[in-house]
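Work through these exercises with the coordinates open. Each task is followed by a stepwise solution.

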Amino acid sequence: MSADPRPGRSCPLSYRYGAAALAAPASLRTDTLWVVGGLYGNTLALERVLADFDAEPGDKRLVFNGDFHWFDVAPDEFRRVNDSVLAHQATRGNVESEIARPQAQAGCGCAYPEWVNDETVARSNRIIERLRATAQRMPGACAQLAALPMFRVAEVGGERVAIVHGDADALAGWGFSQETLATREGEDAARRAFDAAGVRLFASSHSCLPVLQGVAGGRAVINNGAAGLPNFAGTRYGIATRISVAPSGSPLYRMRLGALHVEAVAIAFDAQRWARRFLERWPPGSDAHASYYARIVNGPSYRIEQALRPTPGVVRVAA
């Protein structure tokens, strides 16, 4: 976790809980769990998530695990995202935390690591200021977001699943990023976190790129990257995490953990319509346009083959 005290790179003490806190009893039980992180205010992705989840058969639950707000600076879009997400279970991400209770020197609360450049950090700090101004005009919204927990523990098919935004220790931790998990130190830290939390699976987001990585002992970390942004080069769909006792029809990739099918599923929203809507709120020259528009239209420089890491061992991926 970044020790840099500058806004956007620091992790407030209030974001930290420690892996042992995740050893708590499960607060929800289901046969199928969807975990959706990084919606980023994309209302078209939200519509697709809700429609796809509605089509899911059987006993099911949907959890939004933070950063569901970001680009939704228009009051009607912010309200729609907030109301739709809070109709289900949710945890707060750094975006919601810094909307609801701004921390001195936290900036966007992202706790960006050293491989993220300073210009990106500065733009994110300015985006949160604009978004916070929208939220403060919504009666009760800040209080609703402040009341959300930082994590949840679920039981799916008898297996314990920790739902976090960042990593096992902190809301804005980068321990479950694909970059960190590609190192021996990151894998060792993940193994210790599993031991402390007593879970079979961690489901996270925060770091914006997806990964499904096996960890020694028949355990795994799944990070869905972003539901509201493309996650692979040349693609334009988001990703959600699906964890179930039964497989789905056509996941992007999957791993079997005991009784569980752990899957990354595509969120196929109308990408062209979303790009037009994004430009209405964030035209060329704006902070979000500089940071995100190229990814919205082309995807990041990351391949689907890099995301699935089915067996323990170091996988070297360029940061």
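**Exercise 1. Charges over rings**

Over the face of which residue does Lys 60 lie?

Solution. First, the ground rules. This is a predicted model, where local features need pLDDT of at least 70, side-chain atom pairs count only at pLDDT 80 or more, and totals for chains, interfaces and linings use all residues. Residues are numbered from 1 along each chain as its sequence is written, and side-chain values use heavy atoms, with hydrogens and water left out.

Step 1. Apply the criterion: NZ of Lys or CZ of Arg is within 6 Å of the ring centre and within 35 degrees of the ring normal.
Step 2. Lys 60 sits over Phe 53, 5.0 Å from the ring centre.
Step 3. Arg 130 places its charged end over the ring of Trp 282, at 4.2 Å from the centre.

**Exercise 2. Aromatic pairs**

Classify the pair Phe 194 and Phe 202, then the pair Phe 232 and Tyr 302.

Solution. Step 1. Rings of Phe, Tyr and Trp (its six-membered ring) pair if their centres lie within 6.5 Å; planes under 30 degrees apart are stacked, over 60 edge-to-face, the rest tilted. The structure holds 13 such pairs.
Step 1. Phe 194 and Phe 202 are edge-to-face, with 4.7 Å between centres and 65 degrees between planes.
Step 2. Check burial (buried is under 20% relative accessible area, exposed over 50%, partly exposed in between; 1.4 Å probe, protein chains only). Phe 194 is buried at 1%, and Phe 202 is buried at 0%.
Step 3. Phe 232 and Tyr 302 have centres 5.9 Å apart and planes at 15 degrees, so they are stacked.
Step 4. Locate them, taking helices (H or I, at least four residues) and strands (E, at least two) as DSSP runs numbered from the N terminus. Phe 232 is in the loop between strands S9 (219-224) and S10 (238-244), and Tyr 302 is in the loop between helices H9 (287-298) and H10 (304-307), so the pair ties together parts 70 residues apart in sequence.
Step 5. Both Phe 232 and Tyr 302 are buried.
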